[in-house]
Amino acid sequence: MSKSPAPSKLDLTDRAPKLASRRNVLFGLGAVGLVAGCSRSMEFDMPAMGLDTTTTGSIRPQISVDKQVTRPELMYASFTDEGYQLPEIPFAKVDPKFRRQIVVDPTGEAPGTIVVRLQERYLYLVQPGGDAIRYGVGIGRDGFLWNGRANIQYGKKWPTWTPPRVMIARKPELVKWAGGQPGGLDNPLGARALYIYKDGQDTGYRVHGSPEWWTIGQAMSSGCVRMINQDVIDLYSRVNGKTPIVVS
């Protein structure tokens with residue numbers, strides 16, 4: 001049986017660049033895999049675009065793709081709406097977690113659904129593709145909480161507020177508004193109100209704006225879900241027709 005001749009020095013020299021090239025490729029792939037394994041999200045240096053860079057904690061870009069979810073100084077700036085000059089919100093005094101932002105949807109509800117998590121003090125508007133827009137909210141204090149599945153029947157801009165009779169009984173000074181307080185900057189319903197109906201009946205509860213931005217994240221309303229005026233205007237602009245709402 002004949003034996004294969006031993007490789008000459010020339011053969012080994014010819015192979016060396018190929019072997020080195022292969023090692024470099026394998027090392028490069030390993031390095032890429034290492035970086036990919038450690039990275040939780042993609043980093044972008046795009047401050048000029050004014051985008052929200054808050055990470056959602058998932059493997060996805062940190063930047064927002066929604067032009068209405070941007071830097072807080074833009075989202076909560078003063079502007080004129082329907083003839084009313086909304087004051088700027090001192091957002092630095094608002095816990096960052098209660099500012100408008102895009103997060104991975106934790107609700108499992110269908111896109112277009114509003115979900116209020118009372119204990120978290122969050123309102124989610126579920127988006128297609130697994131995301132949700134999250135807003136901070138204030139909720140009702142103990143004894144003034146409602147929960148369940150219902151629908152937003154309709155919404156109003158700068159709505160009239162009519163205090164319930166039981167509220168007037170507790171606060172007689174509100175009797176002057178028994179016929180309704182016109183919409184305005186001091187109106188408790190704020191810039192927008194979304195009216196919650198269940199089985200075709202008005203529950204008496206609302207998702208609404210509030211001039212009292214400092215109450216966001218707290219439990220001190222009379223049962224309604226209150227939002228920063230700039231946030232409720234944004235939410236109102238995204239809700240079309242009857243919208244399912246889950247309060248839990």
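Modeller: Contact means heavy atoms within 4.5 Å. Leaving aside residues up to four places away in sequence, Thr-215 touches Gly-138, Ser-210, Met-220 and Arg-226. The model is predicted: local features need pLDDT of at least 70, side-chain atom pairs count only at pLDDT 80 or more, and totals for chains, interfaces and linings use all residues. Residues are numbered from 1 along each chain as its sequence is written, and side-chain values use heavy atoms, with hydrogens and water left out.

Colleague: Is Thr-215 buried or exposed?

Modeller: Buried means under 20% relative accessible area, exposed over 50%, and partly exposed in between (1.4 Å probe, protein chains only). Thr-215 has a relative accessible area of 0% and is therefore buried.

Colleague: How many aromatic pairs are found in the whole structure?

Modeller: A pair of aromatic rings is described by the distance of the centres and the angle of the planes. Rings of Phe, Tyr and Trp (its six-membered ring) pair if their centres lie within 6.5 Å; planes under 30 degrees apart count as stacked, over 60 as edge-to-face and the rest as tilted. The search finds seven such pairs. Trp-146 and Tyr-205 are stacked, at 6.0 Å centre to centre with 25° between the planes. Trp-146 is also buried, at 17% relative accessible area. Elsewhere, ring pairs join Phe-98, Tyr-122 and Tyr-124 in a cluster.

Colleague: Which charged end sits over the ring of Tyr-122?

Modeller: A charge sits over a ring if NZ of Lys or CZ of Arg is within 6 Å of the ring centre and within 35 degrees of the ring normal. For Tyr-122 the charged end is that of Arg-134, 3.9 Å from the ring centre. Arg-192 likewise has its charged end over the ring of Tyr-236, 5.2 Å from the centre.
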